Amino acid sequence: MHLLDADLHSHSDISDGTLAPEALAARARERGVELWSLTDHDSLAGQARARDAAAALGIGYLSGVEVSASFLGRSVHVVGLGFDPDDEALLAGLRAIRDGRHERARRIGEALAEAGLPGAYEGALRMAGRSELVARTHFARHLVEAGHFADVHEVFRHVLADGKPGHVPHAWATLREAVGWIRGAGGIAVLAHPARYRYTPTEEFALFTEFAGVGGRAVEVLSGSHDRAEQIAYADMAIEFGLLASRGSDFHAPGESRTELGALPDLPGRLTPVWEALADRVRRG
Ligand code: AMP
Ligand code: MN
Ligand code: MN
Ligand code: MN
């Protein structure tokens, strides 16, 4: 099971990816993924399509979501895996987060206008198209298309990352809520890409303590956002906090995402893969 090519973190055009769930499933299969999860931000609208596409292609599927949460003034992402996608409390919690995104997007637009980049709110909404939600990714794609920046990574570096002019504070769900909804729906909560948060060591220890304390059971050790040293550091953290380990590319878009679907090393043998605890939840054709 360690050597299974599992990719348990990816996005479709229902959130801030650019491929439809069916196209993403086909791409995962082409890249050799054997167990896949579509983990759109704050939405389950793609789950049935992803599950059916995976079944038609003969790859395993776990229900998935990436829930936006706040901790110590920063955004933290909690991936949920193997839950019941019809769970009412989970659906209601995600709906509330999506609702909050509209007002936040307006404030991001105002902040960008003050920074000399007018019209970004409208541009982001255009980029979001039929997406269920508007994300910073859509702002970034708009600003690239409008010629202000070379690529989305540049946009984040200069204006959208924490502390930059277009970043506005926002209260997402608490960790307790995010983990509680996932657990309540029968799934496992996974702390996503911990290296991305740039906490101090003390804050990071507090994050892991709180996450495990409210019932989080796994951490993404292998992520498209982690370099080799970070993979090792978070493998150690998984052991220290008794967490299962997950593996996910966080693929969003061809030509934009740096890590392709399924293109990660194998989990270190000393860790227990999260999918071993979810074996009875895997859907197969
Ligand atoms: P939001 O949920 O609106 O805060 O947007 C967060 C999304 O922005 C993440 O899920 C990523 O898709 C994207 N993102 C965050 N940081 C970066 C970055 N440095 N480079 C590219 N994309 C990023
Ligand atoms: Mn995203
Ligand atoms: Mn994330
Ligand atoms: Mn993600």
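This is a predicted model: local features need pLDDT of at least 70, side-chain atom pairs count only at pLDDT 80 or more; totals for chains, interfaces and linings use all residues.

Reader: Which residue has a side-chain N or O atom 3.3 Å from a nitrogen atom of ligand 1?

Author: Two side chains are worth a look here. The side chain of Thr137 places an N or O atom 3.3 Å from an oxygen atom of ligand 1. For a nitrogen atom of the ligand, the side chain with an N or O atom at 3.3 Å belongs to His153.

Reader: What percentage of the area that ligand 1 exposes when taken alone does the protein bury?

Author: Start from the ligand by itself: taken alone, ligand 1 exposes 500 Å². Of that area, the protein buries 83%.

Reader: How many residues in the shell around ligand 1 are charged?

Author: Helices H3 (88-114), H5 (136-145) and H6 (152-160) each give at least two residues to this shell. By class, two of the shell residues are nonpolar and four are polar. The number of charged ones is five.

Reader: What is the volume of the largest pocket?

Author: This is the space that ligand 1 takes. It is lined by 34 residues, and those nearest its centre are His153, Phe156, Arg196, Ser225 and Asp250. Two of these, His153 and Phe156, are also among the residues surrounding the ligand. The volume of the largest pocket is about 1200 Å³.

Reader: Which element supplies the largest share of the lining of the largest pocket?

Author: The lining has seven nonpolar, 13 polar and 14 charged residues. Strands S4 (64-71) and S5 (74-81), together with H3, H5 and H6, each supply at least two residues. The largest share, four residues, comes from H6.

Reader: What is the volume of the second largest pocket, and which elements give two or more residues to its lining?

Author: The second largest pocket has a volume of about 200 Å³. Of its 14 lining residues, Asp13, Ile14, Ala128, Arg130 and Ser131 are the closest to its centre. By class, the lining divides into four nonpolar, six polar and four charged residues. The elements that give two or more residues are H4 (120-128) and H5.

Definitions and conventions: Residues are numbered from 1 along each chain as its sequence is written. Chains are lettered from A and ligands numbered from 1 in the order in which they are written. Side-chain values use heavy atoms; hydrogens and water are left out. A residue is near a molecule or strand if one of its heavy atoms lies within 4 Å of it. A polar contact is a pair of N or O atoms within 3.5 Å; within protein, one must be able to donate a hydrogen and the other to accept it, and residues adjacent in sequence count only if both atoms are side-chain atoms. Accessible areas come from the Shrake-Rupley method with a 1.4 Å probe; for residues, only the protein chains shown count as cover. On a 1 Å grid over the protein atoms alone, a cavity is a set of points where a 1.4 Å probe fits but cannot get out, and a pocket is an open set with protein on both sides within 12 Å along at least five of seven lines; lining residues have an atom within 4 Å of a point. A molecule sits in a cavity or pocket if more than half of its atoms lie within 2 Å of its grid points. Ala, Val, Leu, Ile, Met, Phe, Trp, Tyr, Cys and Pro count as nonpolar, Asp, Glu, Lys and Arg as charged, and the others, Gly among them, as polar. Grid points are joined across faces, edges and corners, and a volume is the space filled by probe spheres set on the points.
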